[in-house]
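This report goes through a few helices and aromatic rings. Please look at the sequence and the structure before reading on.

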Amino acid sequence: MLSSNLLTWYDSHARILPWREEPTPYRVWISEIMLQQTRVETVIPYFEQFMKTLPDVQSLAEAPEPVVLKLWEGLGYYSRARNLQKAAQKIAADFGGHIPSEYDALLSLPGIGAYTAGAVASIAFGKRLPAIDGNVLRVMSRILGSQTNITSPTGKEEIRRALEKLQPHDRPGDFNQALMELGAVVCLPGKALKCADCPVRPHCMGFSFDIAHALPVKPSKKERRIEEKTVLLIRCQGRYALRRRPKSGLLSGLWEFPLLESHWEAEACAEECRRLGLEVQTLTALPPAKHIFSHIEWHMRGYFILAENTDCTENWVWATPEEIHAHYSIPSAFKKYRQLLEEDIL
Ligand code: SF4
C-alpha cells in the first residue's frame with residue numbers, strides 16, 4: 001500500500017523540526033504560515049524567536065504590530081504576519097482563545113486558506129483532511145502520472161479525489177506531512193528527483209512510464225515586470241534616513257531607505273537631495289542590487305550620501321544602525337544596502 005510505505009519511510013526519515021517535536025495547534029499554525037513560500041532552514045530561527053516572544057494566541061493578539069512585523073523581518077510576504085495577528089484577535093474574541101479544530105472555522109480566520117486549514121486540522125487535531133500545497137501537487141501528479149494542468153481546478157480536483165482515497169484513517173496528519181516531506185527531500189522539482197530513494201516508487205505511474213521528470217504539467221510562467229529603483233543611504237551624524245512605505249500595496253507599512261523611481265545619475269540625485277532641503281557633503285555610488293518578488297524584479301542602483309542636516313521637507317525618521325536593527329522592519333529587498341550599514345563600512 002502506498003500510504004503504509006510512505007508512513008514507514010516518514011517514521012525513519014522525517015527531519016527533526018521544532019514544530020514537529022511539539023505539534024500544538026498554535027505551533028502548527030504559526031509554522032505553516034511561515035513555511036508558505038519559504039524554505040525550512042530559513043524558517044527555523046524565525047519560528048524559535050517567534051515562540052519565545054509570542055508563545056500563545058493571547059500574546060500574539062495583544063502584541064503591538066511593530067513587534068510582530070519585526071519578528072517577521074526578512075521573511076517576506078508581510079501580509080502573512082498581519083493576518084496572523086488579525087486571526088489571533090478573532091480567535092481570542094470568537095473562540096475563547098482556542099484555535100478551532102473544525103475545517104470551516106479555521107477557514108474563516110484571516111490568512112487561512114484551504115491548505116493551511118487542512119494542515120492544522122489534520123496535524124494538530126487528527127482530522128482526515130488533505131493539505132495540498134505545491135509540493136503535494138507535484139508529488140501526486142507524478143504518482144498519478146497526470147497530464148492535467150495542476151494549476152487548473154480540474155487538476156486540483158483530480159489530486160484531491162486521489163488523496164481522499166489514499167489518506168489513512170489513523171495518522172492523517174502524518175500522512176500529509178509525509179507527502180510534503182517526500183516533495184521536499186526526494187521528489188524534488190524538475191530533474192532533481194531521486195526516484196532511487198523513493199518509498200512509493202512501486203506505486204508511481206510517473207516513474208513506471210518514465211515521465212516523472214516532465215511532471216507536473218503547468219502553464220508556462222509569465223515574465224516578471226522589471227522596475228528600476230534608486231536607493232539613497234543618507235547619513236547625518238551617525239543616523240540614516242528612513243521612511244515608511246504607503247499603507248497599501250507592495251511591502252505596505254514597512255520601513256525603507258528613501259527610494260526614487262528609475263535609475264538616477266549621481267548629479268541628479270545630489271540635486272534632488274538639495275531640492276528636499278539637504279546639504280550634501282559627499283555622494284558615493286554603491287554597487288547595484290537586485291531583488292525578486294513573485295511578479296516583479298527590482299533592479300536597484302544605490303548612493304551613499306553624507307548630509308550636513310536632517311531638517312528637510314520630507315517626513316523621514318533618522319535612526320542609528322542599532323536603532324534600525326532593534327525597532328524598524330526593513331524588507332529583505334534592501335538587504336544588500338542594509339548590510340553596508342551593519343558592517344559599518346560606509
Ligand atoms: Fe517522485 Fe520518483 Fe517517487 Fe514517483 S518514484 S514519487 S516521481 S521520487
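The sections below cover the model, a helix, a helix pair and some aromatic pairs.

## Model

This is a predicted model, in which local features need pLDDT of at least 70, side-chain atom pairs count only at pLDDT 80 or more, and totals for chains, interfaces and linings use all residues. Residues are numbered from 1 along each chain as its sequence is written, and side-chain values use heavy atoms, with hydrogens and water left out.

Helices are DSSP runs (H or I, at least four residues), and strands are runs of E of at least two, numbered from the N terminus.

## Helices α10 and α12

Helix α10 (residues 134-144) packs against helix α12 (residues 172-185) at about 85 degrees, with the axes 8 Å apart. Axes are lines fitted to C-alpha atoms over the stretch in contact, and angles run from 0 to 180 degrees between N-to-C directions. The two helices are therefore roughly perpendicular (65 to 115 degrees).

## Aromatic pairs

The whole structure holds 8 aromatic pairs (ring centres within 6.5 Å; planes over 60 degrees apart count as edge-to-face). Tyr 26 and Trp 29 are edge-to-face, with centres 6.1 Å apart and planes at 70 degrees. Both Tyr 26 and Trp 29 are buried.

Phe 257 and Phe 334 are also edge-to-face, at 6.1 Å and 80 degrees. Phe 257 and Phe 334 lie 77 residues apart, in two loops. Ring pairs join Phe 257, Phe 293, Trp 298 and Phe 334 into a cluster.

Definitions and conventions:
Angles under 35 degrees count as roughly parallel, over 145 as roughly antiparallel, 65 to 115 as roughly perpendicular and the rest as oblique. Rings of Phe, Tyr and Trp (its six-membered ring) pair if their centres lie within 6.5 Å; planes under 30 degrees apart count as stacked, over 60 as edge-to-face and the rest as tilted. Buried means under 20% relative accessible area, exposed over 50%, partly exposed in between (1.4 Å probe, protein chains only).
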